[in-house]
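Colleague: I have a new model open and would like to go through it with you. Can we start with the overall picture and then go into the details?

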Amino acid sequence: MIRPLVALARRALAQRSPSSDWCRSFCSLPSTSPNSKLFVGGLSWSVDEKSLLDAFSSFGEVSEVKILYDKDSGRSRGFGFINFTKEDDARCAKDAMDGKALLGRPLRISYALEKVRGAPVVVPRLSGMGNFTRLK
């Protein structure tokens, strides 16, 4: 099933000129440049928006705090997002709070990727992951 899809993709890419930005729009990696929105993972179930705001407001003005909750249980899904008004404040908060404990759990903080409706999700590959040999 996968081989015909790979062959079809190779044929489509071979027919396009290298200068065309068709492939670039679908195959390019998302921008890793800093922005003012942070992803915060590793949240304890007892963390709410107010406690997250209190933990991060010392780094600058926070415009929005959002924790995602499970729709069935109503319990936190363990991650959320924090929007700062300035990129510098977000960078300082990320550098200072990444790996620090909040209510007993270490936080994992990274810059949030922008969600684009209808666009393909491109996940960057880790280096060296494509060097597998196939067993016969």
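This is a predicted model: local features need pLDDT of at least 70, side-chain atom pairs count only at pLDDT 80 or more; totals for chains, interfaces and linings use all residues.

Colleague: What about contacts across the sequence?

Modeller: Take the contacts between residues at least 6 apart in sequence: 62% of these join residues at least 24 apart.

Colleague: Which way does S1 run against S3, parallel or antiparallel?

Modeller: Antiparallel, with five bridges joining S1 (residues 37-41) to S3. Val40, for example, has Gly80 in S3 as its bridge partner.

Colleague: How many bridges join S2 to S3?

Modeller: Six bridges join S2 (residues 62-69) to S3, and these two strands also run antiparallel. Within that pairing, Glu64 is the bridge partner of Asn83 in S3. S2 and S3 form a hairpin with six residues between them, and Gly74 in the turn has a positive phi of about 80°.

Colleague: Ser76 is in S3. Is it buried or exposed?

Modeller: Ser76 is buried, because its relative accessible area is 5% and the cut-off for buried is under 20%. Its side chain reaches the backbone nitrogen of Gly78 at 3.0 Å.

Colleague: What else is Ser76 in contact with?

Modeller: Beyond its neighbours within four places in sequence, Ser76 contacts Ser44, Trp45, Ile67, Leu68 and Tyr69.

Colleague: Where is Thr85 placed?

Modeller: Thr85 is in the loop between S3 and helix H4 (87-97). At a relative accessible area of 42%, Thr85 is partly exposed. Setting aside residues up to four places away in sequence, Thr85 touches Glu61 and Ser63. The C-alpha atoms of Thr85 and Glu64 are 9.0 Å apart, though 21 residues separate the two along the chain.

Colleague: Switching to H3. Which of its residues are buried?

Modeller: In H3 (residues 49-56) they are Leu52, Ala55 and Phe56. These residues are on the same side of H3, because they cover an arc of only 85° around the axis.

Colleague: What covers them?

Modeller: The cover includes S1, S2, S3, H4, strand S4 (101-102) and strand S6 (108-111).

Colleague: Now the rings. How many aromatic pairs does a search of the whole structure find?

Modeller: The search finds four aromatic pairs. In one of them, the ring centres of Phe39 and Phe81 are 5.7 Å apart and the planes are at 65°, so the pair is edge-to-face. That pair links distant parts of the chain, with Phe39 in strand S1 and Phe81 in strand S3, 42 residues apart.

Colleague: What about Phe56 and Phe59?

Modeller: Phe56 and Phe59 form a tilted pair, 6.4 Å centre to centre with 50° between the planes. Phe56 is buried at 0% relative accessibility, whereas Phe59 is partly exposed at 22%.

Colleague: And which residues do ring pairs link into a cluster?

Modeller: Phe39, Phe79 and Phe81.

Notes. Residues are numbered from 1 along each chain as its sequence is written. Side-chain values use heavy atoms; hydrogens and water are left out. Two strands pair if DSSP finds at least two bridges between them. Helices (H or I, at least four residues) and strands (E, at least two) are DSSP runs, numbered from the N terminus. Buried means under 20% relative accessible area, exposed over 50%, partly exposed in between (1.4 Å probe, protein chains only). Contact means heavy atoms within 4.5 Å. The arc is that of the directions from the helix axis to the C-beta atoms. A polar contact is a pair of N or O atoms within 3.5 Å; within protein, one must be able to donate a hydrogen and the other to accept it, and residues adjacent in sequence count only if both atoms are side-chain atoms. Rings of Phe, Tyr and Trp (its six-membered ring) pair if their centres lie within 6.5 Å; planes under 30 degrees apart count as stacked, over 60 as edge-to-face and the rest as tilted.
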